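Reader: I am new to reading structures like this one. Could you take me through some features, with the general idea before each case?

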Amino acid sequence: MKGLRIVTGAASLILGWALIVALVEPVAFLGDQDWPAPSVLLCFGLALLILINALSWWLRRWSALTYRRVLVGLLLVLFISQLVVALNWVDVSRADAFFVREQALRLSQGQTHWSAYFQIYPNNVNGTLLAGVALKLSALVTANPWRLLNVVRFAWMDTALLSSAYLLQRWHRARPGHFWLLLLWLTAVPLYAYGLYAYTDALVFPVVVNSLALLTRATQVPRRLRAWGLRLLALGLVALAVAVKSNMVVVWIALVLTFAVQRLLGNWSGRKTVGALLLSVATLGLVFSLMSAWQRQSGFKRNPDRQLPPTSWIAMSYDPRFAGEYDHTDFDTVNLQPTAKAKRQTANRLLKQHFQTLGWSGVMSHWAQKLRVFWSMGDFDSFRLTTQWIHAPQWYQVKQRTVQFWLVIMTQVLYATCLLFAIRVLWSQRRWRAATSYLALTILGLTAFHVLFWEVEPRYALPLWPGLVLLASRGAADWPRLRVPDRQAGLRVLASGLALVCLTELWQTSRTTGFTETRVALQENGDYVLPTSRRLAAGAHWRFTIKTSGPSDRLQLTPRTTAIDQPVTVTVRDKNRVLGRKLGPATQLQTIRYRPTTARRLRVTITNRGRRPVAYGAMVAHYAPQTGRVTAQAHAYPQYDVKWDHPTVTLSNGWVPVVVVGTVLAVSLMALAWTPKTKRS
């Protein structure tokens with residue numbers, strides 16, 4: 001039925017919009033604040049296409065043995081890269097991820113008391129239960145489990161790589177599809193970033209592609225019982241993903257629609273279709289029943305008066321002041337209401353006000369803004385999620401903004417190229433194909449869920465990334481190989497001119513973007529949703545050590561007291577001397593400046609000089625944010641922000657753009673030289 005082609009066509013249009021905004025107007029108000037001019041992304045994208053075209057010709061000349069050896073080499077490089085990242089970057093966890101990690105530690109230690117956070121966000125309970133099991137098992141191996149869990153997280157996410165490789169094999173695109181798949185996987189910044197991010201995003205990352213591979217395999221096995229076992233495994237995986245992350249319900253719906261269309265086209269019998277649909281519903285119901293029983297056994301009890309109604313998230317997403325992202329003011333407006341009824345009424349009132357303010361034309365414009373936030377960032381805003389480190393290389397912490405700038409450029413170009421190849425695959429579908437249509441349905445469903453209804457963040461599109469890479473690998477394998485003119489003088493002049501444009505733009509961006517402070521230490525947990533603090537009685541003191549990644553001269557604390565006459569003394573020392581000592585009201589000593597120091601450890605003492613207790617913002621947890629050491633009792637770790645004020649530093653040294661653009665130009669010219677020439681008539 002040709003009418004069903006609308007599914008892949010609509011998905012192609014959405015990806016086309018994503019391609020345009022990714023190249024022309026990516027989001028700059030989230031985690032990626034430094035962007036080059038669109039001309040730079042376009043020129044680098046063109047250079048990448050030239051290289052891909054040349055490699056496509058080169059791959060044809062490889063023997064089967066050479067191809068296998070290259071694949072093995074790429075696999076080894078991939079696994080070594082992931083292992084290096086997993087062992088050298090360890091995230092502290094912040095915001096929602098912190099509450100999940102802290103509660104999971106409590107569960108692994110046998111505690112059944114749940115933080116009030118989970119009454120507000122009960123959708124994170126199931127993910128926390130799974131994390132608790134992982135921590136309990138890892139405790140059998142090591143007392144500091146975070147590196148091990150990083151490795152496990154990467155391994156789980158890599159199951160999508162295995163599934164994609166299997167699907168390319170079934171589609172007869174193993175050569176050269178596996179090569180492009182491994183190359184994209186190896187250079188994927190989102191994969192490395194979310195492999196370090198201990199939250200539910202990594203859990204649902206491979207679900208779309210894994211479920212597709214299982215269902216595809218089910219059509220190939222000769223035994224009916226085994227085929228239904230594979231379908232049950234796929235449906236169980238999707239149902240568990242829905243239990244962990246509610247927006248994954250669109251994947252379950254995509255599966256159900258795919259089953260129904262298979263019957264509509266006559267590919268499945270009525271009995272098989274009814275069986276698959278009943279199994280879908282039964283599996284989803286069974287998984288939710290089991291998870292609910294597990295919640296009760298673990299001591300979690302819902303409190304309807306604390307839980308936010310779904311309409312609060314819808315109202316938040318339509319706040320005309322923003323582009324659909326989370327807003328703490330809207331959250332507080334609903335959360336502070338005492339009962340479930342009052343929360344619903346407040347959320348409904350906010351939603352009505354937002355719609356009246358926007359009007360129909362404003363709603364359409366708002367959808368466009370949300371669509372841009374959802375699709376325009378190739379790194380899925382991953383750099384904003386990992387800002388506090390238990391361990392990270394010093395060079396990365398000091399130069400993070402510069403490193404991020406160049407990684408974002410690379411990622412955005414690769415992302416745009418993936419979108420281009422995926423569009424070609426989807427748009428070229430002339431009839432219903434279950435596999436590609438299922439991927440298209442997930443693209444449409446998740447986009448509609450967040451753009452039309454829910455709050456939107458780039459990371460919510462992450463489950464679609466493996467499917468995009470799969471489609472891009474197939475698209476690259478099918479991409480027509482182009483010849484170049486025999487006389488290349490004009491091409492060389494054009495390439496050199498474009499390189500000059502890129503160099504000028506990058507030079508201006510990197511040299512005009514300056515900053516006068518560098519953050520060298522941060523601990524901000526203790527503010528989100530449920531502020532926590534440590535109280536100092538009269539005359540008491542609090543001593544703690546801060547590890548920094550570079551020179552420093554400014555410390556910011558978070559006093560939580562309204563008394564303007566509550567005196568404290570804050571002393572900052574390095575190993576040998578006092579760098580600064582300040583006496584005054586706690587509210588006036590939020591920022592303490594001291595003598596510049598290159599010491600990597602600062603010893604800070606806060607002494608309460610008043611007659612009443614004083615409180616400071618703190619992270620209360622069963623693990624230390626500086627070492628990752630797990631403790632049997634919860635301890636308070638202070639909030640702080642340590643910076644170094646310095647003369648204006650530009651985003652990059654002047655030679656870096658020259659090296660980058662020069663390398664891209666040289667590779668492009670070599671690729672043109674390798675590409676076969678058009679034959680003269």
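**Charges, rings and surface**

Author: Arg577 is partly exposed, because its relative accessible area is 39%. Keep in mind that the model is predicted. The side chain of Arg577 meets that of Asp574 in a salt bridge, 3.5 Å from N to O. Asp574 has 9% relative accessibility and therefore counts as buried.

Reader: How many salt bridges does a search of the whole structure find?

Author: Side chains of opposite charge can pair when their charged atoms come close. The search finds 20 salt bridges. One joins Arg519 and Asp641, with the closest N and O atoms 2.9 Å apart. This pair links distant parts of the chain, 122 residues apart: Arg519 is in strand β3 (residues 514-523) and Asp641 in strand β13 (residues 640-650). Arg519 is partly exposed at 40% relative accessibility, while Asp641 is buried at 12%.

Reader: Which residue forms a salt bridge with Arg593?

Author: Asp645 does, and the closest N and O atoms are 2.8 Å apart. Salt bridges with shared partners join Arg593 and Asp645 into one network with Glu517, Arg519, Arg554, Asp641 and Lys643.

Reader: How should I read a pair of aromatic rings?

Author: Look at the distance between the centres and the angle between the planes; planes over 60 degrees apart count as edge-to-face, and those under 30 degrees as stacked. The structure holds 37 aromatic pairs. Phe179 and Trp180 have ring centres 5.1 Å apart and planes at 75 degrees, so this pair is edge-to-face. Phe259 and Trp268 form a stacked pair, with 5.3 Å from centre to centre and 25 degrees between the planes. Both Phe259 and Trp268 are buried.

Reader: Is Trp180 buried or exposed?

Author: Trp180 is buried, because its relative accessible area is 5%. Among the residues that touch Ser473 are Trp180, Leu181 and Leu184. Ser473 lies in helix α22 (residues 465-478) and is buried at 0% relative accessibility.

Reader: Which residues form a nonpolar patch on the surface?

Author: Val133, Leu137, Leu140, Val141, Leu148 and Val152 form the patch, with about 570 Å² of accessible area together. Helices α6 (125-138) and α7 (146-157) each supply at least two of its residues. Leu140 sits in the loop between α6 and α7. The relative accessible area of Leu140 is 72%, so this residue is exposed.

Terms used: Residues are numbered from 1 along each chain as its sequence is written. This is a predicted model: local features need pLDDT of at least 70, side-chain atom pairs count only at pLDDT 80 or more; totals for chains, interfaces and linings use all residues. Side-chain values use heavy atoms; hydrogens and water are left out. Helices (H or I, at least four residues) and strands (E, at least two) are DSSP runs, numbered from the N terminus. Buried means under 20% relative accessible area, exposed over 50%, partly exposed in between (1.4 Å probe, protein chains only). Contact means heavy atoms within 4.5 Å. Patches are made of residues with over 30% relative accessible area and no salt bridge: like charges are joined within 9 Å, nonpolar side chains (Val, Leu, Ile, Met, Phe, Trp, Tyr) within 5 Å. Accessible areas come from the Shrake-Rupley method with a 1.4 Å probe; for residues, only the protein chains shown count as cover. A salt bridge is a side-chain nitrogen of Lys or Arg within 4 Å of a carboxyl oxygen of Asp or Glu. Rings of Phe, Tyr and Trp (its six-membered ring) pair if their centres lie within 6.5 Å; planes under 30 degrees apart count as stacked, over 60 as edge-to-face and the rest as tilted. Lists of a residue's contacts leave out its neighbours within four places in sequence.
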